Amino acid sequence: MTMTTTRETSELAFLAGDEYSIPTYRVLSQDGRLVEGAEAPELERDKARRIYQAMLATRVMDERMMAAQRQGRLSFYMQCTGEEAAVVGATAALDDADMIMAQYREQGALVYRGFSFDEFMNQLFGNELDYGKGRQMPVHYGSRKLHYMTISSPLGTQIPQATGYAYGQKLAGEGLCTLVFFGEGAASEGDFHAALNMAAVHEAPVIFFCRNNGYAISTPTVEQFAADGVAPRALGYRMHVIRIDGNDILAVYRATEEARRIAVEHNKPVLIEAMTYRLAAHSSSDDPSGYRSKKEEEAWREKDPILRMKRWLAERDWWTDDEEQALQEELRREVLETMKRAEKRPPPALGTLVTDVYADVTPALQRQLDALEAHIRRYPDAYPKGASSLDLAVKDGADASTDQGGV
């Protein structure tokens, strides 16, 4: 049996890990020019514009939907603001058939792959056209056709799932991989370590993409781990790793492109740590002023990934201010129009509560559904959405009292 240790020494020496400090890969400076000695990826004009448009669309949708949440039109929302380059840039470097497993801030990946505003809004409002049939919280998107696994709330569960899915891709031999997004806070979950170890041992073609945005909700990175970030952990699993400037679209694209080559051609997992910043609150339920300063936020706004890419495009005459203004206006109008349509659509039919688990609804579930329907028919004013899913008009309680069903 081969031992892990390959050499011996008579010197008593402990290693503290300081020798494993990993640099941050950068290609594009904030003024939109290449840093000295950097090599830009081969990125054609049309694809570069598509990436930028997806980043901008994500930003506009986030702004509008956070406003809608504050107006009471939406129960919950989470923004990608400040992290668009990390998400969209990584997605653009993949094959469209590669699987993406997201945490909950990666709507930009769906935007890039063609998920429409209507599809976003249907999920956010949980209406009858929502693919999840209203069973998930807002921002828990999923799309089979776009190879984007449905998001789940428990933190980090998608990381080992990605390893398993990627191992299946390896066995299928179709030259595809899985990319899994997560934050540095999720990297403190046990699932992270189990996933990396399993991927390394079984040589699964998976890219672990860590968005290190500085905070696990309100906990700063200095209180999360003592080591040099997340990247050095890959060395413990003998895994390829790189740390990148997550606000640099060219660095993100080139690093992910190479990571995909390693994963697919050599069946080797890769860890990417993208250093970025969450400009918005953790969610619509969070107030970041309680744990970070306005001065810190303003410093990072100067590093806005959208502004950096816009300058790079303008430097190459691939984007103009007139195009910017026209697209911004078009996006705002489309978001508002699709939101109004989605919030007017009725909820999923009540019967969908008991479908999709068994081929045939069990007698016990059917009895519960019948009792629920009877109760709603008796008190439709107390359950307006349930009543609308039964095609009932919401009536006064007295008008509905003739229905003797109930629970």
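In helix 1, Ala-57, Met-61 and Met-65 meet Phe-117, Phe-120, Met-121, Leu-124 and Phe-125 of helix 4, where contact means heavy atoms within 4.5 Å. Helices here (H or I, at least four residues) and strands (E, at least two) are DSSP runs, numbered from the N terminus.

Before going further, a word on the source. This is a predicted model, in which local features need pLDDT of at least 70 and side-chain atom pairs count only at pLDDT 80 or more, while totals for chains, interfaces and linings use all residues. Residues are numbered from 1 along each chain as its sequence is written, and side-chain values use heavy atoms, with hydrogens and water left out.

Two packed helices are described by the angle between their axes and the distance between the axes. The axes are lines fitted to C-alpha atoms, for helices over the stretch in contact, and angles run from 0 to 180 degrees between N-to-C directions. For helix 1 and helix 4, the angle is about 35° and the axes are 13 Å apart. The crossing of this pair is right-handed, meaning that the near helix is turned clockwise from the far one by less than a right angle, with anticlockwise giving left-handed.

Helix 4 (residues 117-125) also packs on helix 10 (residues 321-344): their axes come within 9 Å and cross at roughly 45°. Helix 4 and helix 10 are therefore oblique to each other; angles under 35 degrees count as roughly parallel, over 145 as roughly antiparallel, 65 to 115 as roughly perpendicular, and the rest as oblique. This crossing, too, is right-handed. On the helix 4 side the residues are Phe-117, Asp-118, Met-121, Asn-122 and Phe-125, and their partners in helix 10 include Leu-331, Val-335 and Met-339.

Which residues have the most contacts inside the largest nonpolar core? They are Ile-51, Met-65 and Phe-209, in a core of 74 residues. Such a core is a set of buried Ala, Val, Leu, Ile, Met, Phe, Trp, Tyr and Cys residues joined through side-chain atoms within 4.5 Å; buried means under 20% relative accessible area, exposed over 50%, and partly exposed in between (1.4 Å probe, protein chains only). Helix 1 (residues 45-70) gives the largest share of this core, 11 residues. Beyond four places in sequence, the contacts of Ile-51 include Val-88, Ala-92 and Tyr-253. A second, separate core has 22 residues, among them Cys-210 and Phe-225. As for helix 2 (residues 84-92), 9 of its 9 residues are buried.

Next, a loop. Leu-176 sits between helix 5 (158-172) and strand 4 (178-183) and counts as buried because its relative accessibility is 18%. Leu-176 is 89 residues from Glu-265 in sequence, yet their C-alpha atoms are 9.5 Å apart. One of the contacts of Leu-176 is Arg-260, a residue of helix 7 (residues 249-266). Arg-260 is also buried, at 16%, and is in contact with Asp-95, Asp-98 and Cys-177, among others.

Finally, the cysteines. The whole structure holds 0 disulfides, a disulfide being a pair of cysteine sulfur atoms within 2.5 Å. For Cys-80, the nearest cysteine sulfur is that of Cys-210, 14 Å away; for Cys-177, the nearest is again that of Cys-210, at 18 Å. Cys-80 is buried at 0% relative accessible area, and Cys-177 is buried at 0% as well.
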